[in-house]
Amino acid sequence: MKFDNVESGIWSKNFEEVSISSSADNNVQKAYLFKSKSKESKPLIVSLHTWSGDHTQKDDLAELCVKNNVNYIHPNFRGPNCTINACCSKLALCDIDDSIFYAIKYSNVDINKIFVIGVSGGGYAALSTFMKSKHKIKKISAWASITDLIAWNRESNILGNKYAQNILDCTESKSKILNKKIAEQKSPLFWKTPLEKFSETKINIYAGIYDGIQGSVPITHSINFYNKLLSDSSVNDPAKYISDREKLLLLEYRLPIGNFGDISGRKIFLKKECKNVNITIFEGNHEMLTKFAINELLDK
């Protein structure tokens, strides 16, 4: 799955477009839902659209969920990130939670196997869901994620892409000056980490080494968030963190730091793990390795 392709998907008869009323403001969001045909309860995969997408966006994960006969929902959560109510606002995150409640109510969901996954803006929303969700999430799979809107606004201005203006629109910014207060409120890097969730949620963070050069989100977003989770959980072993030296080597040379094997035939440049959190920097751009991602979620 490539980043931020807003092309609408061709949704087969396996999927039902449903309407879900917000528990926060009664707004009705749309979502695509697949109900497992199994008589036994099955996992739920919550697939989150990219920055500029919505629930209709083409999603390569969808048919893979049908093939694996697991429940799937693809919520809208206030659509593209260009309005104040979108962009991981309280309303948008409430919509994600509401979509999970809906899937549990109308599908045969194993509530101990709820998985949340996304790439780019979807990775941003997946990490934000971990931080704020009311649900017990078994695994988070976050690819090419944005974690700091203040940094990304600056980086997007340098690259000259549309995302700089989108961030301004999401943060009630005036006269092209970023409203940093609201940007922080919408950036999981600045949020209080829910430490009680570490024992119940596995967080898998992925970033392609060439992102930020060929793609739109530097790998530092993923690295800094990984380090934040360790710091907030009082990890004392410096070897578990990605050091400034390691970060600089990755950014300067884009070469592997050690022998870590590969994923889906892509060389791993750096891999770190601590408690229930891990990060993998792999040979790639701004993308998700879709088949690998779903197999990892389902322990295949």
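Student: Where is the place of Ala 144?

Tutor: In this predicted model, Ala 144 sits in the loop between β6 (139–143) and α4 (149–159).

Student: What makes the phi of Ala 144 a positive value in a residue other than glycine?

Tutor: Its phi is near 50°.

Student: Why does Ala 144 count as buried?

Tutor: Buried means under 20% relative accessible area. Ala 144 has 4% relative accessibility, so it counts as buried.

Student: Which phi does Asn 26 have?

Tutor: A positive one, about 65°, although Asn 26 is not a glycine. Asn 26 lies in the loop between β1 (16–21) and β2 (28–34).

Student: Why does Asn 26 count as exposed?

Tutor: Exposed means over 50%. Asn 26 reaches 60% relative accessibility, so the label exposed applies.

Student: How do you know whether the protein chain agrees with a compact globule?

Tutor: For 300 residues, a compact globule would come out near 19 Å. The protein chain has 18 Å, so the value agrees with the rule. The C-alpha atoms fill a box of roughly 50 × 50 × 35 Å along the principal axes.

Student: How much of the protein chain is buried?

Tutor: Buried residues make up 59% of the 300 residues. The accessible surface comes to about 13,000 Å², with 50% belonging to carbon and sulfur atoms.

Student: Which share of the contacts with a separation of 6 or more joins residues 24 or more positions apart?

Tutor: That share is 73% in the protein chain. The chain holds 9 helices and 10 strands.

Conventions
Residues are numbered from 1 along each chain as its sequence is written. This is a predicted model: local features need pLDDT of at least 70, side-chain atom pairs count only at pLDDT 80 or more; totals for chains, interfaces and linings use all residues. Side-chain values use heavy atoms; hydrogens and water are left out. Helices (H or I, at least four residues) and strands (E, at least two) are DSSP runs, numbered from the N terminus. The radius of gyration is taken over C-alpha atoms; the globule rule is 2.2 Å times the number of residues to the power 0.38. Buried means under 20% relative accessible area, exposed over 50%, partly exposed in between (1.4 Å probe, protein chains only). Contact means heavy atoms within 4.5 Å. Accessible areas come from the Shrake-Rupley method with a 1.4 Å probe; for residues, only the protein chains shown count as cover.
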